[in-house]
Amino acid sequence: MKTTPATVLALVLPAALSLLAQGPNQAPLTDGTVKAAAGIPADLFSRQMALVGERRAAWLEKAEQATPALLRIPKKPVAVITVTNDPAAFQGWKIGSTAEVKSVCDRPLKPGDSFILDFGEHLAGYAQLGLRAFDVPVDAPVRLQLIFGEALSEVTEPFDPYTGGLTRAWLQDETVNVDVVPQDVRLPRRYAFRYLKVTVVSCSLHGRFGFSGFGAEAVTCADETKLAPFAPASAEDAALDRVARATLRDCMQTVFEDGPKRDRRLWLGDLRLQALANYATYRNFDLVKRSLYILAGTCTDIGLVGTCSFEKPEPVRGGNSILDYTALFAPTVLEYLEASGDRATAEDLWPLVVKQLDFTLEPVNPEGLLITPKSWWCFIDWHRTLDKQAPEHAVVLFGLKATQRLAERLGKTQEVAFIPALVARMEESARKSLWDEQQGLFVSGPKREVSWASQAWMVLAGVPSPEQARRAMQAVINSPSAEKPVTPYMHHYVVEALQAAGLKGEAAAHLRDYWGEMVRKGADTFWEVYVSGDDKLSPYKSHLMNSYCHAWSCTPTYLLRKGTNAQRTTLNVQR
Ligand code: RAM
């Protein structure tokens with residue numbers, strides 16, 4: 001038969017009409033995972049995917065429209081410093097002597113001259129150098145080496161030979177040649193720094209130059225005038241709040257960056273915590289909206305939301321896919337709705353939220369137990385050996401519950417009517433396979449590993465009874481052999497789990513012990529990774545590569561404002 005448009009229509013139309021008459025396909029999936037066992041309608045995810053496909057381009061336009069204006073704040077260095085070795089100081093370095101900035105201005109310089117400027121606080125922004133002439137003409141270019149550092153180690157230890165795991169280009173050093181002097185030079189690249197080391201590499205000895213001054217322009221979309229009021233209970237809490245807000249502020253650019261030094265990109269797991277801290281402080285809802293729309297608009301062709309996305313030159317999804325971050329998309333959308341009241345955005349993103357269940361439930365077996373998948377990056381924490389089964393199970397369940405809550409808020413519970421039974425199945429499975437009644441703790445994987453991460457996420461996912469939650473959290477923080485968190489990201493969830501378990505005193509104590517120790521070690525902004533006693537720990541084989549102003553570390557401002565100010569109890573919190 002010859003195929004004409006009329007014959008195609010004749011073949012396709014009856015099928016399409018009968019589909020319309022039947023409505024959506026209510027037959028359950030048959031894929032051998034919990035999705036089939038839970039009776040999820042076979043076409044649920046394809047229907048959501050069709051909506052995602054229709055909306056994706058508009059999501060990126062909405063992201064563009066929500067781009068916040070950056071505030072530009074002039075800054076000046078406050079001192080010229082020397083750095084001295086002190087084994088008791090963070091990473092072995094502390095500020096030695098200080099001198100006035102004018103001590104390095106208005107004098108001729110020669111090759112080899114070097115000094116370190118201290119801006120007195122961490123900032124993300126642009127540096128300016130004023131060069132002046134002492135002879136006319138300055139008869140050769142001036143070559144400067146500049147090193148920007150968030151931590152003293154960066155302006156003190158050599159970057160080379162570089163042995164780290166990530167690209168050397170993240171380290172903030174530059175060689176700058178200035179052909180015409182006098183001149184005010186504004187460096188085109190944005191840096192994250194408190195310290196700037198200036199070394200004169202080469203210059204004329206006849207046409208001499210010097211500096212007339214230094215400055216910087218800090219950029220952020222965090223508006224201090226919008227700051228929600230807060231009365232800290234103590235000077236210690238005020239310091240935690242200040243450092244946490246500085247961390248959040250410098251990561252608040254035209255997306256929520258994970259770190260203004262590195263990776264300068266939008267990560268879903270970091271975004272959730274930044275958004276929570278932002279709701280309690282600067283309340284820039286447009287930035288959350290834009291970040292959500294970028295992650296949504298850059299989803300893959302099969303509807304997997306961005307684990308991390310690049311903003312420029314135009315939004316594009318990064319190559320990583322983290323299962324637990326994917327599960328956190330629903331809570332992030334839900335919390336945005338609850339904080340902002342922006343129902344239109346939550347409704348717009350709803351199909352993508354539902355579609356994520358297609359991915360997060362894939363590694364869950366018909367009994368409702370997550371079997372750690374090999375094909376995914378299960379992150380949870382930067383811990384080298386942590387068994388991920390139990391915490392990952394709990395995060396997937398947490399995401400499922402958030403989807404249900406979102407459905408309730410949006411009046412869409414009929415679309416996901418399978419969730420309550422599925423939640424019960426996953427809870428039951430966790431109690432059966434991952435709870436050790438004798439120890440009163442959750443265990444993970446074939447070695448039945450006990451970790452803070454497993455207890456915390458299970459508590460947050462609501463698996464244990466209140467009494468079990470309290471006992472498990474108390475037991476794990478006092479267990480010397482339990483696997484401990486490595487990053488402030490995981491420590492955040494520990495504090496929240498302690499709160500959720502009713503252990504408000506322990507939560508407050510842990511917050512003040514863990515983040516407080518960073519403050520006591522001189523942190524201006526909170527660090528990407530911190531383990532007490534191991535200042536140089538790095539996921540990237542170089543502490544110089546670590547980010548010292550890191551998004552996921554900013555939550556003390558949220559936790560304190562949320563109210564962890566309960567009295568410290570007699571329980572000893574181990575770190
Ligand atoms: C780090 C990033 C980011 C985090 C991922 C998993 O490299 O800086 O903060 O979300 O890892």
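## Basis of the model

Because the model is predicted, local features are given at pLDDT of at least 70 and side-chain atom pairs at pLDDT 80 or more, while totals for chains, interfaces and linings use all residues. Residues are numbered from 1 along each chain as its sequence is written, and side-chain values use heavy atoms, with hydrogens and water left out.

## The ligand and its shell

The ligand is surrounded by 14 residues, of which Asp258, Asp270, Tyr325, Tyr540 and His550 are the closest; a residue is counted here if one of its heavy atoms lies within 4 Å of the ligand. By class, this shell consists of 8 nonpolar, 1 polar and 5 charged residues, where Ala, Val, Leu, Ile, Met, Phe, Trp, Tyr, Cys and Pro count as nonpolar, Asp, Glu, Lys and Arg as charged, and the others, Gly among them, as polar.

A polar side-chain atom of aspartate 270 is found 2.5 Å from a ligand oxygen, a side-chain N or O atom of histidine 550 lies 2.7 Å from an oxygen atom of the ligand, and for aspartate 263 the corresponding distance from a side-chain N or O atom to a ligand oxygen is 3.4 Å. Taken alone, the ligand would expose 290 Å², and the protein buries 97% of that area, as computed by the Shrake-Rupley method with a 1.4 Å probe.

Aspartate 263 is placed in the loop between helix 4 (235-251) and strand 10 (266-267); helices (H or I, at least four residues) and strands (E, at least two) are DSSP runs, numbered from the N terminus.

Another cis peptide bond, with omega about 0°, joins valine 136 and proline 137, and proline 137 belongs to the loop between strand 4 (114-133) and strand 5 (142-149).

Glutamine 91, in the loop between strand 2 (79-85) and strand 3 (93-99), has a positive phi near 60° although the residue is not glycine. Its relative accessibility is 6%, so glutamine 91 counts as buried, a term that applies under 20% relative accessible area, with exposed meaning over 50% and partly exposed in between (1.4 Å probe, protein chains only).

Aspartate 106, which lies in the loop between strand 3 and strand 4, likewise is not a glycine and has a positive phi of about 55°. With a relative accessible area of 44%, aspartate 106 is partly exposed.

Terms used:
Polar contact = N/O pair within 3.5 Å; in protein donor to acceptor, adjacent residues only side chain to side chain.
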